[in-house]
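Subject: Structure handover

Hello,

Here is the structure we spoke of handing over. Please open it alongside the notes below.

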Amino acid sequence: MVEEQDKLLPIANVGKIMKQILPPRAKISKEAKQTMQECATEFISFVTGEASDKCHKENRKTVNGDDICWALSTLGFDNYTEAIVRYLHKYREDERERAKNQSKVTATSSNEDKAKESPSHKSREQTTSVQQIDETSSAPSELRALKKGKSSLTNPP
Amino acid sequence: MRQAGTYSGLLSKMSGRTGTHSLPLARIKKIMKKSGDDVKMISGEAPIVFSKACELFIEELTKRSWTMTMQGKRRTLLKDDVASAVIATDIFDFLLTLVSESGNNINADAGQVNPR
């Protein structure tokens, strides 16, 4: 049962989103939340399939945010696109800010790292060369991908 | 009314991000990967896009389901209301099998489900 739940979006998150859109006194049955959970999960699979087909036809290996937006529009969810583009724009801005702040922090500690040749230093250089991530990489590597070309900061003159 | 705050803060710590993603990115990525053998590489932004898209999807389907609830003069949103909303909306056709498999008592007024 737990394994099955891993394949679905968490019911707590789904229920919260539902509750926020309904009137304050509205109630939601557990079965309705479960159905919504399944529908939202199927939505992801459905849209991803369409986006993935497009990438395949264009000989690209990575499904990116723009592919998802295109698939949404193609499948009739074009009214979502505007809100998503705004959301994505804000996210990219936030990430740029974080990358800036983070590079300031790493610049001060980099002189110590360089002497030791720490694993984190090596992994940073590896991840900055690719934009793609696979399932095993953790969230911080996504941030490092944005710092492409800035690894020169860690090299002494 | 629930307030964004502690809970969304916890979520963002778990996903390694600040800001309010209402759905866990790792889970979204897992579902994307399972959607097909072709899906091997996923950019960092794709789950972010989906976290917003799913939120909008859930909101839309919930609103439409609630319309069915009100038609039935009830205050509790039931599984059948979700099924009726799916049937009544063209873009939700991909969900028809899912809602009919759950063994719903489909509202006859909303229309018939034709198995594909």
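Predicted model: local features only at pLDDT ≥ 70, side-chain atom pairs only at ≥ 80, totals over all residues.

Residues are numbered from 1 along each chain as its sequence is written, chains are lettered from A and ligands numbered from 1 in the order in which they are written, and side-chain values use heavy atoms, with hydrogens and water left out.

Chain A

Chain A contains seven helices and three strands; helices (H or I, at least four residues) and strands (E, at least two) are DSSP runs, numbered from the N terminus. Their order along the sequence is α-α-β-α-β-α-α-α-β-α. Of the 157 residues in chain A, 39% are buried, where buried means under 20% relative accessible area, exposed over 50%, and partly exposed in between (1.4 Å probe, protein chains only). Among the contacts in chain A with a separation of 6 or more, 43% come from residues 24 or more positions apart; contact means heavy atoms within 4.5 Å.

Interface of chains A and B

On the chain A side, 68 residues are in contact with 59 residues of chain B. The buried area is about 6000 Å², and carbon and sulfur atoms give 68% of that; buried area here is the accessible area (1.4 Å probe) that two parts lose on being put together, summed over both.

The rule finds one salt bridge across this interface, a salt bridge being a side-chain nitrogen of Lys or Arg within 4 Å of a carboxyl oxygen of Asp or Glu. It joins R92(A) to E45(B), at 2.6 Å from N to O. Helix α3 (residues 30-57) of chain A gives the most to the side that touches chain B, namely 18 residues. That side of chain A is made up of 35 nonpolar, 16 polar and 17 charged residues (Ala, Val, Leu, Ile, Met, Phe, Trp, Tyr, Cys and Pro count as nonpolar, Asp, Glu, Lys and Arg as charged, and the others, Gly among them, as polar).

Strands also pair between the chains: β2 (residues 62-63) of chain A and β1 (residues 41-43) of chain B run parallel and are joined by two bridges. Two strands pair if DSSP finds at least two bridges between them. In this pairing T62(A) stands opposite M41(B).

Salt bridges

Over all chains, the search finds eleven salt bridges. Three of those within chain A are described here.

- K90(A) and D94(A) have their closest N and O atoms 3.2 Å apart. They lie four residues apart in helix α5 (residues 78-116) of chain A, so about one helical turn separates them. K90(A) is exposed at 51% relative accessibility, and D94(A) is partly exposed at 37%.
- R60(A) bridges to D67(A), with the closest N and O atoms 2.9 Å apart. R60(A) is partly exposed, at 29% relative accessible area, whereas D67(A) is buried at 3%.
- R98(A) and E95(A) form a salt bridge with a closest N to O separation of 3.8 Å. Being three residues apart in helix α5 of chain A, they are also separated by about one helical turn. R98(A) is partly exposed at 26%, while E95(A) is buried at 4%.

Finally, K54(A), E58(A), R60(A) and D67(A) are joined into one network by salt bridges that share partners.

Regards
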